[in-house]
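Subject: Model handover, with notes

Hi,

Here is the structure I promised to pass on.

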Amino acid sequence: MSAPAPARPLPAVGAARLSLNQATLKYASLADAIAAVTAAGLEAIGTWREPVADVGLDEAVRMVRDSGLRVSTHCRGGFFTLADGAERRLAMDDNRRAIDETAALADAGAPGSRPVLVLVAGGLPVGSKDLGAARARVADALTELVPHALDAGVQLAVEPLHPMYAADRAVVSTLAQALDLAAPFPAEAVGVAVDTFHVWWDPALESSIARAGAAGRIATYQVCDWVTPLAADPLLSRGYPGDGHIDFGPIGAAVAAAGYTGDVEVEIFNQAVWDTAPAVVVDRVVRSVAAHVPLGPA
């Protein structure tokens, strides 16, 4: 019996499906980020709240509409683990504003834009070591926000962060945990973010991606590499694909098999990247993704 033919490799992500998350160009204004993305021939951008706030939502909507770009995600909401009180109420009100921003920006974007608000759960409240209670607050926050998200036509994307951030940034550490939080709600209201930096290490990743796809909950696929040695601030240890330790092939294959057809968003937090001219960064992103990040066509 002859040996089976080797599996055909997935094609690399091309410019038509590649989105640049604005965090990769931290010091660029919204106008400069849009200019760098369009000059490179990309068709999508992931927006961030701070640069949008700098120009005001109405102006940001106009800029996005005039750019002809798709909006792949809006970042970010969340930080739900505050104890009950005025500070938590303010945080929830801010998340409602973020939902409205997401709807407006996606509506202004080119066809194929996704009204996805990425959520970072939040870490342990000050003085607490109770992970269970903190995760319960995340569930409570979703329950409170889902009606507004449904009214606005926005999908909330729960993003699991690497466990090293559990104390201070996100008590949701695995894709399975994020899916458990999303499960009580309609998929059009709550999905998950698959970010290679945060989930590449997870031995249950393939099955969790399949579960997310079967439930229609993959809201975004974000890529960057895990670079060592870790930076003094580990938040800044992301690198261009190919610079670190992540094998993007199996993850891309799992995401494609799960039926995800949206944009592939590059999100890099790295001081050296931030200190580089935007045009140079975008060019490096395009080349590194083409060389290292496979995903089937939409």
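Are α6 and α8 roughly parallel or roughly antiparallel to each other? The axes of helix α6 (residues 175-182) and helix α8 (residues 205-214) cross at roughly 25° and come within 9 Å, so α6 and α8 are roughly parallel to each other. The cut-offs behind that wording: angles under 35 degrees count as roughly parallel, over 145 as roughly antiparallel, 65 to 115 as roughly perpendicular, and the rest as oblique. Axes are lines fitted to C-alpha atoms, for helices over the stretch in contact, and angles run from 0 to 180 degrees between N-to-C directions.

Some housekeeping before the rest. This is a predicted model, so local features need pLDDT of at least 70 and side-chain atom pairs count only at pLDDT 80 or more, while totals for chains, interfaces and linings use all residues. Residues are numbered from 1 along each chain as its sequence is written, and side-chain values use heavy atoms, with hydrogens and water left out. Helices (H or I, at least four residues) and strands (E, at least two) are DSSP runs, numbered from the N terminus.

Helix pairs

The α6/α8 crossing is left-handed (the near helix is turned anticlockwise from the far one by less than a right angle; clockwise would be right-handed). On the α6 side the contact (heavy atoms within 4.5 Å) is made by L175, A176, L179 and D180, and on the α8 side by L205, S208, I209, R211 and A212.

α4 and α5 also pack together, with their axes 10 Å apart and an angle of about 35°. Here the crossing is right-handed. The α4 residues in the contact include R88, M92 and R96, and those of α5 include R137, D140 and E144.

The core

The largest nonpolar core has 93 residues, and L156, I209, Y221 and V285 touch the most other members. Such a core is a set of buried Ala, Val, Leu, Ile, Met, Phe, Trp, Tyr and Cys residues joined through side-chain atoms within 4.5 Å. Buried is under 20% relative accessible area, exposed is over 50%, and partly exposed is in between (1.4 Å probe, protein chains only). Helix α5 (residues 131-152) supplies the largest share of this core, 7 residues. Leaving out residues up to four places away in sequence, V285 touches L18, L20, T24, Y240, V266 and I268.

Around the loop between α4 and β4

S113 sits in the loop between α4 (86-108) and β4 (116-120), and at a relative accessible area of 17% S113 is buried. Two polar contacts (N or O pairs within 3.5 Å; within protein, one atom must be able to donate a hydrogen and the other to accept it, and residues adjacent in sequence count only if both atoms are side-chain atoms) are worth a look. A polar atom of the S113 side chain lies 2.7 Å from the backbone oxygen of A110, and one lies 2.9 Å from the backbone nitrogen of V71. Beyond four places in sequence, S113 touches L69, R70, V71 and A106.

G109 is in the loop between α4 and β4 too, and is buried at 15% relative accessibility.

Q155 belongs to strand β5 (residues 155-159) and counts as buried at 12% relative accessibility. A polar atom of its side chain lies 2.7 Å from the backbone oxygen of A187.

P125 lies in the loop between β4 and α5 and is buried at 15% relative accessibility. P125 and T81 are 44 residues apart along the chain, yet their C-alpha atoms are separated by 6.2 Å. Again without residues up to four places away, P125 touches T81, A134 and R137.

The peptide bond joining C75 and R76 is cis, with omega about -10°; R76 lies in strand β3 (residues 70-78). Another cis bond runs from T228 to P229, with omega near 0°, and P229 is in the loop between β8 (225-226) and β9 (238-239). F79 is not a glycine but has a positive phi of about 55°. F79 is found in the loop between β3 and α4 and, at 32% relative accessibility, counts as partly exposed.

Cheers
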